[in-house]
Amino acid sequence: MTRRAVTRALVYLSLAGAALVVLLPLTVVLLTSLKTSGEMADGSGALALPDDPFNLDNYVTAFQDGRMLLAFGNTAFVLLFAIGGTVLIGSMAAYAIDRFAFRMKKLVLALFLVAALVPGVTTQVATFQIVNSLGMFDSLWAPVLLYMGTDIVSIYIFLQFIRSIPISLDEAARVEGANAFTIYRKIIFPLLRPAIATVVIVKGITVYNDFYIPFLYLPSEDLGVISTSLFRFKGPFGAHWETISAGAVLVILPTLIVFLLLQRFIYNGFTRGATK
């Protein structure tokens, strides 16, 4: 009993420590966003409470002067097409790999794994030249194309789920005269809903938080997404940390809300794909 109590105490202590590490920076950012410039200048601690906990002036400034509405619109455009393309391409590729026999099938899977292990930064020179030659530089289609074509993990997630679908369903459909695309569209794709939910959430959070690709391929301010728009606060608001913090909270809130509402799909998606 003593050993069990000690183990339980260590578990709770580790969870409390992890929660503190995660929540402390968010608390500092939230408190800073509610303070005035005078409160920031008086040297009070980062965890000091603001005089007015309902002070939203910094949020108004960040939203208007930071052009956050336009940034959210550009981000929504990239998210819609990038996630849609990832789901379509990833599920089709996984279906072809699992259901069709072709030469060097194992080699293709090995190359997918190698591609996932190669750091993206090492290929950016060649990638930039390709995107520029296609006339997509400084266009929202550049990040869309790159996000769709660089997600090997999504293919593996779909592949795990497709392997759990009985081949007898395909055979029964072929007896009825269905071709490969009809089987994918009417049988395989509807059964991939848990995997699709997992890919949409994981991919959406990755695209939403990414800074490198939009910063490199979208230099125009009119094409700024939320990550680059927040970065541009360093100019006119270089020393106004209260305004920068308000912009950071505006960026964090959508991701936090979506994750809290849909986190069970993430966990269920990974566990079901791994155990079936």
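**A guided reading of the predicted model**

In this predicted model, the buried residues of helix α8 are Ile152, Ser154, Ile155, Ile157, Phe158, Leu159, Phe161 and Ile162. The helix itself runs over residues 152-163 and has 12 residues. From its first C-alpha to its last, α8 reaches 17 Å, which is close to the 16 Å expected at 1.5 Å a residue.

The side chains of aspartate 98 and arginine 163 meet at 3.7 Å, N to O. Aspartate 98 belongs to helix α4 and arginine 163 to helix α8, so this contact ties together parts that are 65 residues apart in sequence. Arginine 163 counts as exposed because its relative accessibility is 52%, above the limit of 50%. Aspartate 98, with a relative accessible area of 21%, is partly exposed.

Arginine 99 pairs with aspartate 170, and the closest N and O atoms are 2.8 Å apart. Here the pair links distant parts of the chain, with arginine 99 in helix α4 and aspartate 170 in helix α9, which covers residues 167-175; the two residues are 71 residues apart. Both partners fall under the 20% limit for buried residues: arginine 99 counts as buried at 17% relative accessibility, and aspartate 170 is buried with a relative accessible area of 5%. Through salt bridges that share partners, Asp98, Arg99, Arg163 and Asp170 are joined into one network.

How many salt bridges does the structure hold? There are four. One of them is formed by aspartate 222 and arginine 67, whose closest N and O atoms are 2.8 Å apart. Aspartate 222 lies in the loop between α12 (212-217) and α13 (226-231), while arginine 67 lies in the loop between α3 and α4, so the pair ties together parts that are 155 residues apart in sequence. Aspartate 222 is partly exposed, at 46% relative accessibility. Arginine 67 is likewise partly exposed, with a relative accessible area of 38%.

The next subject is the surface. A nonpolar patch is formed there by Val21, Val22, Leu23, Leu26, Ile252, Leu253, Leu256, Ile257, Leu260 and Leu261. Together these residues have about 900 Å² of accessible area. Two helices, α1 (2-33) and α14 (241-275), each supply at least two residues of the patch. The largest share, six residues, comes from α14. Leucine 26, one of the patch residues, lies in helix α1. Its relative accessibility of 38% places leucine 26 among the partly exposed residues, and this value is over the 30% that a residue needs in order to belong to a patch.

A patch of another kind is negative and consists of Asp42, Asp51, Asp52 and Asp57. Aspartate 51 is found in the loop between α2 (37-41) and α3 (57-65). With a relative accessible area of 66%, aspartate 51 is exposed.

Most residues other than glycine have a negative phi. Methionine 104, although not a glycine, has a positive phi of about 55°. This residue lies in the loop between α4 (68-99) and α5 (105-117). Methionine 104 is exposed, because its relative accessible area is 58%. Aspartate 138 also has a positive phi, near 60°, and is a residue other than glycine. Its place is in the loop between α6 (124-133) and α7 (141-149). At 28% relative accessibility, aspartate 138 counts as partly exposed.

A final pair of residues gives a sense of distance within the model. Which parts of the chain are compared? Alanine 18 lies in helix α1, and methionine 104 lies in the loop between α4 and α5. The two residues are 86 residues apart in sequence and 45 Å apart in space, C-alpha to C-alpha. Alanine 18 counts as partly exposed, at 41% relative accessibility, whereas methionine 104 is exposed.

Terms used. Residues are numbered from 1 along each chain as its sequence is written. This is a predicted model: local features need pLDDT of at least 70, side-chain atom pairs count only at pLDDT 80 or more; totals for chains, interfaces and linings use all residues. Side-chain values use heavy atoms; hydrogens and water are left out. Patches are made of residues with over 30% relative accessible area and no salt bridge: like charges are joined within 9 Å, nonpolar side chains (Val, Leu, Ile, Met, Phe, Trp, Tyr) within 5 Å. Accessible areas come from the Shrake-Rupley method with a 1.4 Å probe; for residues, only the protein chains shown count as cover. Helices (H or I, at least four residues) and strands (E, at least two) are DSSP runs, numbered from the N terminus. Buried means under 20% relative accessible area, exposed over 50%, partly exposed in between (1.4 Å probe, protein chains only). The expected span of a helix is 1.5 Å times one less than its number of residues. Lys and Arg count as positive and Asp and Glu as negative; His and the chain ends are not counted. The place of a charge is taken as NZ of Lys, CZ of Arg, CG of Asp or CD of Glu.
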